[in-house]
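Here is my note on the model, point by point. Please read it with the structure open.

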Amino acid sequence: MGRLLLAQARWALRHGQFLILAHPQVPDYLRHKADDYDRWWGGTGKRKRTLSAANRLAEPSQPETRSTRATMSQDLLESVDNGIATLTMNRPESRNALSRDMLQAMNEALTRYAIDPAIRLVVLTGAGPAFCSGGDVKGFARAAASGGVAMGFDQRVSDLRMRMEVSRLLHEMPKPTLAVIPGAAAGAGLSLALACDLRLAADNAKLTTAFSKVGLSGDFGGSYFLSQLVGTSRARELYFTGRLVLAEEALQLGLVDRLAPAAQLAQAAQQWTQELADLPTVAVGYMKRNLNLGLRASLSDVLDAEAIHMIRTFDTDDHKGAARAFVEKRTPRFNGR
């Protein structure tokens, strides 16, 4: 695909002009991103959906239940409890190294959660004493020893880019996302943690970009998220050196938001997840969109978006109930609609 066409496609996506996305050379991930925006926000109606995402989010939530759901892979465990969806990376023998099946299942689950009004919060964590060690380096070594892979360069780039969509989903979906980090988070595993809105770590957790240690440049958005969190100079230092960052330093740098003693991590996570799930979910979704827009747009664009989103949230049941509660001097109860 030519650079000019790619630039035009990205411009079209930002401005809601979807016709150019039908060009056969436009990458699939850009078309999927347009579909996501239409499902989540549904502001323009230019893709002829019958029900906008704003209406979906305003629909009454389904009864809250505790359930588990089989994903496409045992590498990822999925559970839902009272509106809190938890995804557990489940390869403890390899410190939850990422696999193709895990990422495919994660992509499917996150896409589903983004438009499910019953889901109030998404939690990402790892089985055992680690969060995620990133890519399967042993698998990389086997591929190198066997002479590489069958796919060509462009196919490999497209394949990796599609798998990295999970970072965008965690960062942009209109629900709060929380990474619970019980131990090591390295490489792409750290990138996934940083893609979440908030991070809770055990006090013995260790974080590292790790890519320079294996001669790689980095993926899954880590360079973007780290630069936003700690600034470009510190991000360069952490990427170039790949040094370990212990939990206390991670808190000071802003890589994590809260720490808990390792033995009490589950209890601390339960308390915080409930607080987050009790927030006005629709309003939080629009807050995320405003804040993400503020990273790249002009003040005028942000003011435009804030005005639209503010009027939309005025019409939610959560706002109306909170306004009554304020007048009656009682604590509001939000239902996510």
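1. Which residues have the most contacts inside the largest nonpolar core? They are Met89, Leu110 and Tyr113, in a core of 49 residues. A nonpolar core here is a set of buried Ala, Val, Leu, Ile, Met, Phe, Trp, Tyr and Cys residues joined through side-chain atoms within 4.5 Å. Buried means under 20% relative accessible area, exposed over 50%, and partly exposed in between, with a 1.4 Å probe and protein chains only. Helix H4 (residues 100-114) gives this core its largest share, 8 residues. Another core lies apart from it, with 13 residues, among them Leu200, Ala202, Ala269 and Ala277. In soluble globular proteins, nonpolar side chains tend to be buried together.

2. A word on the basis. This is a predicted model, in which local features need pLDDT of at least 70 and side-chain atom pairs count only at pLDDT 80 or more, while totals for chains, interfaces and linings use all residues. Residues are numbered from 1 along each chain as its sequence is written, and side-chain values use heavy atoms, with hydrogens and water left out.

3. The overall make-up. The protein chain has 15 helices and 10 strands. These are DSSP runs numbered from the N terminus: helices are H or I with at least four residues, strands are E with at least two. Of the 337 residues in the protein chain, 44% are buried. Contact means heavy atoms within 4.5 Å. Among contacts with a separation of 6 or more, 64% join residues 24 or more positions apart. The protein chain exposes about 17,600 Å², with 55% supplied by carbon and sulfur atoms. Accessible areas come from the Shrake-Rupley method with a 1.4 Å probe, and for residues only the protein chains shown count as cover.

4. Helix H4 deserves a check. The expected span of a helix is 1.5 Å times one less than its number of residues. For the 15 residues of H4 that gives 21 Å, and the end C-alpha atoms are 21 Å apart, so the two agree. Buried residues in H4 include Met102, Met106, Ala109, Leu110 and Tyr113. An α-helix has 3.6 residues a turn, so residues three or four places apart point the same way.

5. Is strand S5 (residues 177-181) enclosed or open? It is largely enclosed by the rest of the structure, because 5 of its 5 residues are buried. Thr177, Ala179 and Ile181 cover one side, and Leu178 and Val180 are on the other. Two strands pair if DSSP finds at least two bridges between them. Strand S4 (residues 121-126) runs parallel to S5, joined by 3 bridges. Val122 has Thr177 as its bridge partner there. S5 also pairs with strand S7 (residues 198-202), in the parallel sense, over 4 bridges. Leu178 has Leu198 as its partner in S7.

6. Now the hairpin. S2 (residues 76-81) and S3 (residues 84-89) run antiparallel, joined by 6 bridges. Between them are 2 residues, and Asn82 in the turn has a positive phi of about 50°. Asp81 has Ile84 as its bridge partner in S3. S2 has a covered face of Leu76, Glu78 and Val80; Leu77, Ser79 and Asp81 make up the uncovered one. Thr88 is in strand S3. Thr88 counts as buried, at 17% relative accessibility. Beyond its neighbours within four places in sequence, Thr88 contacts Asp75, Leu76, Leu77, Thr125, Gly126 and Ala127.

7. A further sheet is open and has 3 strands, in the order S6-S8-S9, with mixed pairing. Its edge strands are S6 (185-186) and S9 (245-246), each pairing on one side only. S6 and S8 (residues 206-208) pair in the parallel sense over 2 bridges. Lys206 is in strand S8. Lys206 is partly exposed, with a relative accessible area of 41%. Residues that Lys206 touches, not counting those up to four places away in sequence, include Gly183, Ala184, Leu244 and Val245.

8. Last, the cysteines. A disulfide is a pair of cysteine sulfur atoms within 2.5 Å. A search of the whole structure finds 0 of these. Cys132 is buried at a relative accessible area of 0%. Cys196 also counts as buried, at 4% relative accessibility.
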